[in-house]
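Dear colleague,

Please find below the structure that I am handing over to you. A short account of the findings follows it.

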Amino acid sequence: MTEDGFGSGPITLPSGGPLYLQLKRWLEDAIANGGIKPGDALPSERDLALRVDVSRVTVRKAVQQLVQDGLLVQRHGSGTFVATPAPRVEQSLSQLTSFTEDMARRGMAVRSQWLDRGVYPPSPQETMVLGLTAGEQVSRIARLRLSQETPLAIERASLSTQILPDPAAVRDSLYACLEQAGSRPIRAIQRIRAANLEADEAALLGVAPGAAGLYIERVSYLANGRVAELTRSTYRGDAYDFVAELRLGDGRTT
Ligand code: 16G
């Protein structure tokens, strides 16, 4: 095999069963034994069909099943790749920290891909949660958050323009930017629920459509009690363990 793990000659499939299942098995084995690695690109459907000596329909069927199983990922316009398993992260639910801080503490590199940032007329939810007055605009920043080049979450933050007048001022970290302006939140309420990822979210997160995800809504507050941020995030379900410490309550009956 050459560097890409597929070599250049014909590929001999394991025997038995329908051809697409044979090809699927060959690909699964190659991924399992490291012959093809996370992030490797698959040859085009046409090349693979020629090399394996099967029809393109057979290749498509095998690939589709592996995408569904989460072993392969299709990226619009750039092809099909071996999926990268997410580093599993344990996240405490008792500390108000930022994504950048969480990853830095683990020595993991972070990067954000901007999906949107700008000042917009607010939605009714933003007006209500952020306590905006009539005619006030909202600053929005939406980012794909990556750690070690693996996408972990899509975060959409909305803030009053009084707290974040210029969304373009946010560089790597929203909380660092707020801290500089003296408006870093000190408290937050966070709601977490399970969700199956929509196709567009799944594509951004590099997982199969319908894969398990966590939908998280964080409303954070400044020291003066004003709402600082409403952030709605979609996290990869296979990447996060949220951990909460529980103590015996005052209302114990024993
Ligand atoms: C965390 C927060 C998010 C906050 C972000 C700031 C959750 C679910 N979300 O990811 O609300 O906006 O940190 O991160 O924990 P940053 O300072 O790195 O931009």
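**The ligand and its surroundings**

Strand E9 makes the greatest contribution to the shell around the ligand, supplying three residues. Please bear in mind that this is a predicted model.

E9 spans residues 227-236 and is one of several elements that each provide at least two residues of that shell. The others are helix H4 (99-105), strand E5 (138-147), helix H6 (174-180) and strand E8 (212-221). In total, 15 residues surround the ligand, and the closest are Thr-100, Glu-155, Ser-173, Arg-218 and Glu-229.

- Thr-100 places a polar side-chain atom 2.3 Å from an oxygen atom of the ligand.
- In Arg-143, an N or O atom of the side chain is 2.8 Å from a ligand oxygen atom.
- Leu-174 takes part through its backbone, where an N or O atom lies 2.7 Å from an oxygen atom of the ligand.

The ligand taken alone exposes 450 Å², of which the protein buries 98%.

**The pocket**

Which pocket corresponds to the space taken by the ligand? That space is the largest pocket, which holds about 480 Å³. Its lining comprises 32 residues, and those closest to the centre of the pocket are Leu-96, Thr-97, Tyr-175, Gln-190 and Arg-218. The lining residues divide into 14 nonpolar, 11 polar and seven charged.

With kind regards

Key. Residues numbered from 1 in each chain as written. Predicted model: local features only at pLDDT ≥ 70, side-chain atom pairs only at ≥ 80, totals over all residues. Heavy atoms only, no water. Near = heavy atom within 4 Å. Polar contact = N/O pair within 3.5 Å; in protein donor to acceptor, adjacent residues only side chain to side chain. Areas by Shrake-Rupley, 256 points an atom, 1.4 Å probe, with all protein chains shown as cover. 1 Å grid on protein atoms, 1.4 Å probe; cavity = no way out; pocket = protein on both sides within 12 Å on 5 of 7 lines; lining within 4 Å. Sits in = over half its atoms within 2 Å of the grid points. Helix = DSSP H or I, 4+ residues; strand = E, 2+ residues; numbered from the N terminus. Points joined across faces, edges and corners; volume = space filled by probe spheres on them. Nonpolar A, V, L, I, M, F, W, Y, C, P; charged D, E, K, R; others polar.
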